[in-house]
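Please work through the exercises below with the sequence and the model at hand, trying each task before reading its solution.

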Amino acid sequence: MRRLLDSLDTPTIFAVMSLAGIGILAIASSTAKQPGRDDLWKMQLIWILIASVAAVVVVLVDYHVWAGIGMLLHGAVVALLVLVLFYGREIGGNKSWLVFGPLRLQPSELAKWTTCLVVAGYLAHRHKETLGLREILELGVLVGVPMGLIVLQPDYGTALIFVPIFLAAIWLGGLRWKVITAVLVIGLALAPVVWTQLKPYQQNRILTVFDQERDPSGVGYQVRQSKIAIGSGGLTGKGLFGGTQSQLNYLPAQHTDFILAVIAEELGFLGGAGVLGLFYFLMFRGFAAARTAQDRLGTYLCLLVVSWITGQVAINVGMVLGLLPTIGVPLPLLSYGGSALVAVICGIGLVVNVRTRRFVN
Amino acid sequence: MDYRERFEIKDYRNERMLGGRIGLMHVGVIVLLVFFSLNFWYLQVVRGDIYARLAENNRLRRVVLPPTRGVIRDRAGRVVASTRPSLNLVLTRESRGDVDIQLRRLAPILGVPYVELKERHNRMRGRPLFEPMVLKVDVSMDILARVESRREKFPSVEVRQIARRSYPEGDVVSHPLGYVGEVSFAQLTSGGEGPGLASGDIVGKAGVEKGKDDLLRGERGLEFVSVNNLGRRIGEGRIDRLAVSGGDLGVTVDLDLQRTLMEAFGDEVGGAVFMDPRTGEILAMGSTPSYDPNDFADGISREVWQSIQSDPRRPMHNRAIASFYAPGSTFKVLVAIAGLESGAISPSERVFCNGSTRIYGSTRLCWKRGGHGWVDLRLALAHSCNVYFYKAGQKMGIEAIHKYGAMFNLGKPRGLDIPGEAGGILPSDAWKRKARGERWYPGDTISVAIGQGLLAVTPLQMATMMAGVGTKGSLPYPRLTTDGAREPSELQISQRTFDLIQEALADVVTEGTARRAQVEGYTVAGKTGTAQVYKMSAGIDADKMDKATRDHAWFAGYAPADNPRIAFAVVVEHGGHGGTTAAPIARKVLKEFFVKEKTGSGSYATASR
């Protein structure tokens, strides 16, 4: 126990707490003038405390034990995902919430965590070193079942996060370059065909990414307001609580999915790039933990968590910058939302866990 | 720990492969984050100024600060139009309270049926949410108290203060003053109405309010306010330019005379003008039926508008300046002047009237069946003998009548300082050829000589002519404000002619057809007239003709006869004989005028500004 504390990864914990702290400030700022929402930052603070307690549990238990009961946990979460389809509470168009009294839980967020656990376990456990069709299919089932259930909710944004986890899995699992090249070539060749099969509104949504003036009031409105918020922030920003786009409500979903636009508006390029820098620091620590892990399981665990968080950051930032279509994906650690926060912090808890046990005893 | 053994990798051949792939993945993460950082740099630093401006455009809304319209006073300084604060009860549409229940509860308090409130609320759909629905304008303290005492039942109801144009005299001065309203689309797009007009501005729509709009309106102020995504105002605004209040204005109308005139008309339909013959300042201008300009002050209700528009007597029409009528016998004054000046008649020449005469093969009647016997000019005017004027007209011809009529500005607008002044018809051979494609027949002149036929003038023109006669040759420019006054035009007519005409016109009231216009202690000069109904087919807008089945009654003149200080013309539509209906109206106003003049309660030298 004593050694566990000594080898605790303080820089990582510091980065996590910095990002969560910036998130709290941004939530407080963006909801300050919204009646009924101006207390959300306190809720987020409570969630950070809950997540911290959960993370301590995650770190204290050896990651081999977590991997050992991985399938059990994954099965339980899949069961919850089935349950939510029937008994879930619909909020914002997605039936993704389970409500137990005052507690609201999003099983889809927990599914990311257990998926990392079982995929790492599978990769470390397999008998063959190469990645054959059978292994790809088995990995596909592990990732695809929760993802499919989440698509049914339908919460495409959350489901999308399973794609980088799966890609990282087959990449790290040793998918042959031949196959990678072939898939890329076929994909490029098929793109025009797929395009013609899309419905006009779907095409429009993709085109809006390239030309925001296409539909300034409809699809493009959110993205346009987001870009105005970011751009008008300039180098140093308008000051916390001083952003006009956010304070006057022009930004959509400003305390959740578009929180980074609020930060960029009020803290400027320094704030936005600073957040990206902190995320990079977090990833860097993840890669370091992966390289120094005592075994493959630890390596895979760290890298899968990195791919999850990186994927989620990429999709969210791409959306906020208007480079990707608007899909509901929160920014890890910063966006308002309890389940997501707990899941991400517990994910990083796994990385800390692996790092803490890097020396074989 | 056996579980560890289970995951132990036996073969380390792929160790290098994994190391390489971790490295590539790391590079991928770096590339991605650098790419995003460059994007932020581009948006925030390279294009930051553009987005900053876009954000300001989002945030700032220009709000017009309406100017306070100038006060209008009568010539004694009494307020006849002003802007006062008024309280409106409004329903805000942003809040979440149940609107339906509130409207149901408000209906009995406001005395408006629930269905009407509901319908008005429905009509607001599509308007921005921050725009409230007006429940009741100029709400009374009683209603306000009843709403406030049950505040918690009306979460969406608010009281807003607005500036409201107010006309304390109601329909008494409405035709000279006019009314105000929101600037029309046509006015905005024509551009000619003066620059700086913007949608939503309150402008004069008629009368002095329109004629002197530039002076009264003032200048809009401008304020920049922060608005949220719903357009609702947030926080304090920044005033860019303060509103400049409009200038105050005095009108030449005397409220007492105006009231007397409107009362004297009673239920009769008609128009009248009373002016100072020396300056052209209009002391009273009446047109009946009238309307209440307060109804227009804050967006007239559809019901009131419809009732005004559908009234066949056209209350919005200013008969004193915009309606023209055949002048009837009042025109004989002009014919007499034309005859004397052209030498076609002489004062002593006598004509025998036996009730009718034959001219150009047709029989023309005098109004007096038994005839007037031998009449000279003075008697002919005093008793309005038609036969005398048939013969006079026959001798002088239409061109002489036209020449002197034009001199007195008949059939033409004279540049009154309010809009709506109509012309009319002063016929000539040239006019008839142009308007009707027909030459002038001598027989046409015979009708014109007694003020009938192809002839149409407004009460304003007739009053102006009488002013010219009363002043013996200086024809004033009538006006309602002292702003931009013009000197009267001098007429090239001999004093001897005016002496003769003035004597005859004084006789009209003392012993002739207008004895009902006598005012004790004063001599009134004037001429009655009865305008026959006739149909015009060309050269004149049929809409502007007032249909009639009964003759219109005229009385026009000036007083006192020897030193006129007031000139006038009164028309009563379908009033029959001028002496019976029009003269008594003039008498009441003249009497009031002299009483005020004697007691010194009116300032008649110049209008106050």
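Predicted model: local features only at pLDDT ≥ 70, side-chain atom pairs only at ≥ 80, totals over all residues.

**Exercise 1.** Describe the overall build of chain A, and decide how its radius of gyration stands against the globule rule.

Solution. Begin with the secondary structure, where chain A shows 16 helices and three strands. The radius of gyration of chain A is 21 Å, close to the 21 Å that the globule rule gives for 361 residues, and therefore chain A is as compact as a globular protein of that length. Next, take the principal axes, along which the C-alpha atoms of chain A fill a box of roughly 55 × 55 × 45 Å. Finally, turn to the interior: 55% of the 361 residues in chain A are buried.

**Exercise 2.** Characterise the second largest pocket by its volume and its lining.

Solution. The volume of this pocket is about 1400 Å³. Of the 40 residues lining it, those closest to its centre are A:Asn94, A:Asp155, A:Asp257, A:Gly328 and A:Val329. Among the elements of chain A that give two or more residues to the lining are helix H3 (40–60), strand S2 (94–100) and helix H16 (338–356). Sorted by class, the lining has 20 nonpolar, 14 polar and six charged residues.

**Exercise 3.** Locate B:Lys332 and determine whether it is buried or exposed.

Solution. First find helix H14 (residues 332–342) of chain B, which holds B:Lys332. Because its relative accessibility is 0%, B:Lys332 counts as buried. Beyond its neighbours within four places in sequence, its contacts include B:Leu381, B:Phe389 and B:Lys527. Lastly, consult the record: an unreviewed UniProt entry places the feature "modified residue: N6-carboxylysine" at B:Lys332.

Note on methods
Residues numbered from 1 in each chain as written. Chains lettered and ligands numbered in written order. Heavy atoms only, no water. 1 Å grid on protein atoms, 1.4 Å probe; cavity = no way out; pocket = protein on both sides within 12 Å on 5 of 7 lines; lining within 4 Å. Points joined across faces, edges and corners; volume = space filled by probe spheres on them. Helix = DSSP H or I, 4+ residues; strand = E, 2+ residues; numbered from the N terminus. Nonpolar A, V, L, I, M, F, W, Y, C, P; charged D, E, K, R; others polar. UniProt positions renumbered as here; feature names shortened; annotations may be inferred. Buried < 20%, exposed > 50% of the residue type's maximum accessible area, 1.4 Å probe, protein only. Contact = heavy atoms within 4.5 Å. Rg over C-alpha atoms; globule rule 2.2 N^0.38 Å.
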